[in-house]
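I opened this entry to record what I looked up, topic by topic. The structure comes first.

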Amino acid sequence: MKITLDTAAYLDAAAQLVEQGKENIPIPVKGSSMKPFLSEGDTVYLVSASCDIRRGDIVLYRRANGRYVLHRVCSLEQDGSAVMLGDAQVGKETLPDRSSFVGLVSLCIRKGRKISRNSLRWRVFAAVWLAVIPLRPKIMRAAGLFGTCVTVQIKDPELRVISRQ
């Protein structure tokens with residue numbers, strides 16, 4: 001039996017559970033912005049975003065327009081802002097503060113394999129992938145992982161494509 005759930009309603013419920021202190025809330029991955037690390041059909045598990053978040057972590061956050069986004073932390077700035085970036089993207093999004101963070105991904109199930117946020121595989125991938133941001137489109141095309149890598153510019157709160165590579 002197949003059950004269809006409204007994504008926004010599911011994520012609202014997951015956000016409430018995380019806020020109540022529940023851990024390891026499963027979230028199915030939708031979309032392609034986190035390729036090649038995560039693909040549609042993978043599952044991530046959320047814990048509270050109040051713990052020690054660091055560069056390279058993956059966070060579920062809510063934009064001002066109410067839309068949920070699962071992206072990697074590119075940097076955490078001294079002024080409290082956070083720079084976010086999807087693994088399949090080269091355009092960064094700056095959040096004014098971390099209050100929009102809903103949950104931190106502590107674990108993912110990728111192609112049937114568990115990968116912990118503290119694992120060497122996760123940390124090395126994050127470090128390398130964040131270091132090669134300008135090269136991502138070429139790397140992904142060469143590897144056949146993604147047809148095009150899209151550069152986006154964030155305008156409060158809309159996304160607007162500014163170039164395709």
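My notes on folds, pairs and surface follow.

**Ground rules.** I am working with a predicted model, where local features need pLDDT of at least 70, side-chain atom pairs count only at pLDDT 80 or more, and totals for chains, interfaces and linings use all residues. Residues are numbered from 1 along each chain as its sequence is written, and side-chain values use heavy atoms, with hydrogens and water left out.

**Overall.** I looked up the secondary structure and found three helices and 10 strands. Helices (H or I, at least four residues) and strands (E, at least two) are DSSP runs, numbered from the N terminus. I wrote down the order from the N terminus as α-β-β-β-β-β-β-β-β-α-α-β-β. Then I checked burial: of the 165 residues in the protein, 42% are buried. Buried means under 20% relative accessible area, exposed over 50%, and partly exposed in between (1.4 Å probe, protein chains only).

I went to S1, residues 25-28. Its side chains alternate. S1 pairs with S2 (residues 43-48) in the antiparallel sense, over four bridges. Two strands pair if DSSP finds at least two bridges between them. Opposite Ile25 I found Leu46 of S2.

Is S5 covered on one face or on both? I found both faces of S5 (residues 82-85) covered. Ala82 and Met84 are buried on one side, Val83 and Leu85 on the other. S4 (residues 68-76) runs antiparallel to S5, and four bridges join them. The two form a hairpin with five residues between them. In that turn, Gly80 has a positive phi of about 95°. Next I looked at the partners across the strands. Arg72 stands opposite Leu85 in S5. S5 also pairs with S6 (residues 93-95), antiparallel, over three bridges. There Val83 stands opposite Thr94.

**Arg72.** I stayed on this residue for its side chain. Arg72 meets Asp87 in a salt bridge (2.8 Å, N to O). Arg72 is in strand S4 and Asp87 in the loop between S5 and S6, 15 residues apart. Both Arg72 and Asp87 are buried. The salt-bridge rule is a side-chain nitrogen of Lys or Arg within 4 Å of a carboxyl oxygen of Asp or Glu. Arg72 also lies over the face of Phe37, at 5.0 Å from the ring centre. The rule here is NZ of Lys or CZ of Arg within 6 Å of the ring centre and within 35 degrees of the ring normal.

**Aromatic pairs.** Rings of Phe, Tyr and Trp (its six-membered ring) pair if their centres lie within 6.5 Å; planes under 30 degrees apart count as stacked, over 60 as edge-to-face and the rest as tilted. I counted three pairs by this rule. In one of them, Phe37 and Trp122 have ring centres 5.2 Å apart and planes at 70°, so the pair is edge-to-face. Phe37 lies in the loop between S1 and S2 and Trp122 in helix H2 (residues 120-131), so this pair ties together parts that are 85 residues apart in sequence. Phe37 is buried at 4% relative accessible area, and Trp122 is buried at 0%. Phe37, Trp122, Phe125 and Trp129 form one aromatic cluster.

**Other salt bridges.** How many salt bridges does the whole structure hold? The search finds seven. One of them joins Asp57 and Arg117, with the closest N and O atoms 2.9 Å apart. Asp57 sits in the loop between S2 and S3 (58-62), and Arg117 in the loop between S8 (113-116) and H2, 60 residues away. Asp57 is buried at 0%, and Arg117 at 10%. I traced a salt-bridge network through Arg54, Asp57, Arg117 and Arg123. I also checked Lys30 and Glu40, which meet at 3.9 Å, N to O. Lys30 is exposed at 58%, and Glu40 at 52%.

**Surface patch.** Leu120 is in H2 and is exposed at 67%. With Val124 and Val128, Leu120 makes a nonpolar surface patch of about 300 Å². Patches take residues with over 30% relative accessible area and no salt bridge; like charges are joined within 9 Å, nonpolar side chains (Val, Leu, Ile, Met, Phe, Trp, Tyr) within 5 Å. Areas come from the Shrake-Rupley method with a 1.4 Å probe; for residues, only the protein chains shown count as cover.
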